[in-house]
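Student: Could you take me through a structure and show me how its features are read?
Tutor: Gladly; please look at the sequence and the structure first.

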Amino acid sequence: MNGYIGIDIGSQNSKGVVIADHSIIAHYTCASGVNHRQTAEKIRAKLLDKTPHIRHIRTAATGCGAKRVAWADDQCSDIQSLARGICFFDNTIRTVVEVGDRFSRVVRLGQGGMVIDFSMNHRCATGAGVFLQVIAKILQLDIGDIGPLSLKSTAAVRFDTGCAVFGETEVITRICEGHRIEDILAGAHHSLAEKIAAMAKGIGLEKKCALAGGGGLNTGLAAAIRKALGIELVIPPRPDIIGALGAAVIAGQKSGHQAKR
Amino acid sequence: MPTDTIKIKRLKAMYRLRAKVDDMYTSGLEAMKDGRPVAWSMVTWWHADPVFKAMDLEVVYPENYAAMVAASGKASRYLDLCDADGFPTHLCGYSRINLGYVSRMVNGCAGGIPPEAPMGGLPKPVMMLSHSMLCDARVKWFQSLGRYMDTPVWMMETALPGVEEWNDPDVRKWSLKLVMDEIEQFIAYLERMLGRKLNRDRYDEMLSDMITLSRLAYKTFELRKATPCPMHSRDFWSVMPPYLYMSGDLKDSIDCYQALYDEVEQRVASRIGAVEPEKYRLLFAELPPWHSLEFFDRLAERGWNFVKESWAYNPPRPLEGLEDISDPVERHARFHLHVATGYHADALADDEYMGYLGYPYVKFAKDYACDGAFFHGLMTCRSASTHHPYTRELLMRKLKIPSFQVEGDLVDLRLFNAEEALRRAEVFEESMDYYRELRQQEHFPADNMQPA
Amino acid sequence: MLDTLHGMSRVSQVLADRSARIRELKAQGKKAVGYFCSYVPVEILTAMDLVPVRILGDMDEPVTEMDTVLPTSFCPFLRNCINTVFRGRYDFLDGVVGAHSCDAQEKSIHVWKSKIKYEFYHYLDMPATLHPWGADMYRSSLEKFKSSCEAWTGKPLSGEALEASILAHNRHRSLVRELYELKRFDPPLVSGSDTLRILTAISGLPVDEGSALLEAVIQEARAGKIQADTQDKKRILVVGACLDALPLIRLIEDFDADVVMDDNCMGARTYFRDVSITKDPMQGLASRYLDLTCARTFRETVAGEFRKDHAADLETRFAHLGNYIEKWRVEGVVIQLVRFCDPFGYEVPELKDYLNSINIPNLYLETEYTTGSLAPLKTRLQTFLETLL
Amino acid sequence: MYFAGMDIGSSMTKVVIINDAHEILIRKATPTGARHSLLARKVFDDALSIINLSPDSISYVLATGYGRVNVPFAHRHMSEITCQAAGVHALFPKAKTIIDIGGQDAKGVKLGDGRVIDFIMNDKCAAGTGRFLEVLSDSLDIPLADFGHLSLQAKTAVEINNFCTVFARDELTACISRGRHIHDIIAGVHDAITMRVVNMVNRLKIEPEVVFTAGLATNTGMVRSIENHIGFPVSIPDHPFTTVALGAAILARKIWLKEKGKGNS
């Protein structure tokens, strides 16, 4: 059976996906580390041995490290792969919000995952997932726990820092002021969600709206973004691999086989 | 699939006009050497230029000079000096370069031109002309130089009536009166300073040359409505300074522009485009990244042709009946006042009130049949960036034309990330294609209107 | 009923909901006109029986509606004010008046007018200098403002009504000056934060109600009911554009200092200059409003003559600060600007030159007009105030 | 009599105790965890037990630093810039300019006989602070302590374009994967921090004698980079972490004497 590979080399985490016969056959994620060339090789090896029965026709790479994937047939932009990926998952979605480590993106899409409009944060990492990573680190908590913990808060604390890295100072000051950890986390999630909502309003929201990227795994952030946007959010089972999935779909399209779902 | 066949076809007549910008600086330095006075001036959109020329007073423009210092990557030394002297870092990038340059000139070189200054530098001025058009920086910048130099500053006012207000004859009357008073007072000031009277015939001649040159430039750029568009924005930015700054001999500039007009007309006749095949026709909002203009060649490889620029750098729309005004000062004043109010009537008819800067883009997008608009947001230039959110939404709401935003800055070259912008350009093509189909279905004026 | 309370308790009541009293007046058939800036001649609005309401921002509220209106690198105060308007906090306004005082305001007014419709929307063009021919233009611009108010209300504005309104506003301003006199005591009889709360309250009330409130508050202050407590507080003057940042004044008070005097639009810049009574009241208005101490006006001592006297220029532009510093025995000046403010931004080095020349320690602070952006100022303010020991 | 200065920094909590004759009895620095209001008391008590003094033998405790507001047992708190000035003046009487680069901010201070004449501070963007090195040390997993000697072996320092620390780190990761040497990368980060800090402190007109203190002063690479940039040598206190706490102790004594109305020291 013919299969297509999508590789997304992100700044923190990298993901690989194999699709065949309109469905996801295999996927693999690992830390991007320092050498992106090696990471791409590792993902490829893992995907190949997970799908021995597949004839891998074509590979497309995306993400900031895409150029390092020497053996990829195509390079595609992170925004196109996000749009194609979410459409593969559900083709009635018209807006997707992706919260990555370094960049948050909002894309409005039309039929077949075609990009209508998009925006993302530029020079500064404010509004991206790294903001929560820094805070989890200073509170000596695992990134996976801060979402659920933030949902236990009753009185979210005000968060104002512009710089993602200085979220840490703000956390320290809030701790000094004796606030509870859940309230501090809720404040951080709310502040991030607000920045993303402002960006989304900038290009207009069309229902149905989905949340993708690593941020989608964080239940607290998903709830905060729903509240800030004021509309329902669909979250795919593995929101972090949507970019890689989109790259695989593009590889399929480029090879003439329409990977329709 | 970039192919090297698609390159921007540069106009031959452009090169002579581009060279005229350098004359402005060489003539400024020569004047200094022979002891003739040199003035510094803000761009005044033709409010002061004929008077300067008629009084034979050499003029150089710190804004234009700062743009060249930034483009040649020599800005950081002057920016550091400006910061060290306590000026906030968010001020206009051009003014910070000039403030640093003067601080270096006065404190570092005892008033002489700093040796490292590009283009031979700017000589110490005998007077400086501020102007109230467009932004506060152009009012306060020369005043702040008082800390370093005892050079007198003259402030020239202009009226900036609102769209609805401009429709009122009283407002037109006193706005025109202010602009005329300012011209007369400026003439009186220069006469006192230079100790000689203005030669009114020479002033009238300069005025008519200025209007002829402006009309000829306007006619040339109207030809760019043709499909494919014969002249890329890169050529526009090269030929713009001679009429924006009225530099050098105006009659020579008129000849150069006539040659340019003929070449462009010839291209239109034989359907030659500046970019072939021309896949997308775009507007360019405000100031270009002077330091990385080859970025547009990379976009040309994708078939992007830039067909029209900001209202602020294009010649004003021709004003009927200008020639029949006998009083040169009134003719001059009406010509200048028309710059900022030229599109007010169109804006009012459309119930929009950002009559200059913003609204003209709606008219340009229609007349030049554009597929998209490129917005170059500048960190330290508010007057060139304030209207972007408004204009983007306006183009989408009125004409279903999408916009592409790239961040940059006047002076900090690192903020302009060409690679990242090129990666996103591919995605923006999908938006342009989508809305082009949408416009054709709903037969929006932008697409099916034949250029006037 | 709303006006049973008076003095400081009435101030707190007004501040709790600035629109409450305006809605009552509208119920009685009055109309409310919003404005941003001290350059809008409120005398003309009062004379037409319109209620002038100063539009203010909210430092605690995040700016969420501005993505298709104004960019982020823009005056954060104006962007915040327009954000509160777009969130419906000023839906009681019948009209708006904007002035070409600074470039940011001139542009935001045109964008605002394109997005929200009001019965009455006037844009007042202004010159940038004090040249006589500029003043002529300003005079015509004021006449146009008067005639468009008349057109909207359908009532002519008589000279007597305008003169009565000028007298009422002059009286109102003299009461504010009387309140400021109480701050010359040591300790001042009214704290900096209470002063700002009073000024914010009266900025949304009709002039005579504001004056009545001021009289009550002055009485309470004289009776020592509002007095700040301890003795050795350092006396600070805050210079800036429009400063309605109560949290900043409170931050200064946390470090045993008090804001005894200011030069900003909510305070002295607006209330320390009366309209001189002239045969033609419009001429009195024109000369007063053009000469306010805002940095937006290009002031040169020797306008027109062909020489430059920088020291004299500084005197012309900042002498009024020297007088305030002397009369209110100020020990330190805080120059507080919002980021992206050009008119005041270009003046910072020269203002510091002037203050240093009269040996007054000074500190320049830049905020983003959010409560969060004030937090990092704690260390700077405390250090500065400690240097005044 | 004894006087204590507590400096609650973002990464370290420091205590200095002096006697009436300005002799330093103890200088101690302990990493600040997330819950630092309880830590201050513990650091204070440990220090006392080391020099076996009882808490009530301390006549005056002055707290400073980010966490100064909630040190319940302090008599008073003052800003860390004022304390830094007093501490550096005690160690270097002729000092005129202080360059202080800590984990969370960078400061410049101009001194006039131990008093602060003028100061400037960056705590908005991490790129001009020690935080930048901590982020880099994390992703290269090289201890901060080695950064100094590693950077001194650099041939040509890397030029960093990105403003934001987060994006700069990605840029450096890309440099590594292109084979640039660790020495050049660390030297590049040192220069990036130095350029931003010196640009800022230039607003105060840097005058010798210049003292370079706080966290980064122990990094020999940073010292070299600063000296190259400002054009003259800098003096380094032997305990650069504790100069602020020392200043706090000195001011504690001064204020206590003033309040007691006793004769001068």
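Predicted model: local features only at pLDDT ≥ 70, side-chain atom pairs only at ≥ 80, totals over all residues.

Tutor: Residues are numbered from 1 along each chain as its sequence is written, chains are lettered from A and ligands numbered from 1 in the order in which they are written, and side-chain values use heavy atoms, with hydrogens and water left out.

Student: Is C:Cys81 buried or exposed?

Tutor: Buried means under 20% relative accessible area, exposed over 50%, and partly exposed in between, using a 1.4 Å probe and protein chains only. C:Cys81 counts as buried because its relative accessibility is 0%, and A:Cys76 counts as buried at 8%.

Student: What is the strand order of the open sheet in chain D?

Tutor: Strands of a sheet pair through backbone hydrogen bonds, either parallel or antiparallel. Strands are DSSP runs of E with at least two residues, numbered from the N terminus, and two of them pair if DSSP finds at least two bridges between them. In chain D, five strands form an open sheet with mixed pairing, in the order E8-E7-E6-E9-E10. Its edge strands, each pairing on one side only, are E8 (115-122) and E10 (234-235) of chain D. Strand E7 (residues 106-112) of chain D pairs with E8(D) in the antiparallel sense over seven bridges, and D:Gly112 has D:Arg115 in E8(D) as its bridge partner.

Student: How many salt bridges does the rule find across the interface of chain B and chain A?

Tutor: A salt bridge is a side-chain nitrogen of Lys or Arg within 4 Å of a carboxyl oxygen of Asp or Glu. Across the interface of chain B and chain A there is one: A:Arg84 forms a salt bridge with B:Glu430, their closest N and O atoms being 2.8 Å apart. Across the interface of chain C and chain B the rule finds eight; C:Lys144 forms a salt bridge with B:Asp168, with the closest N and O atoms 2.5 Å apart.

How values were computed:
Helix = DSSP H or I, 4+ residues; strand = E, 2+ residues; numbered from the N terminus.
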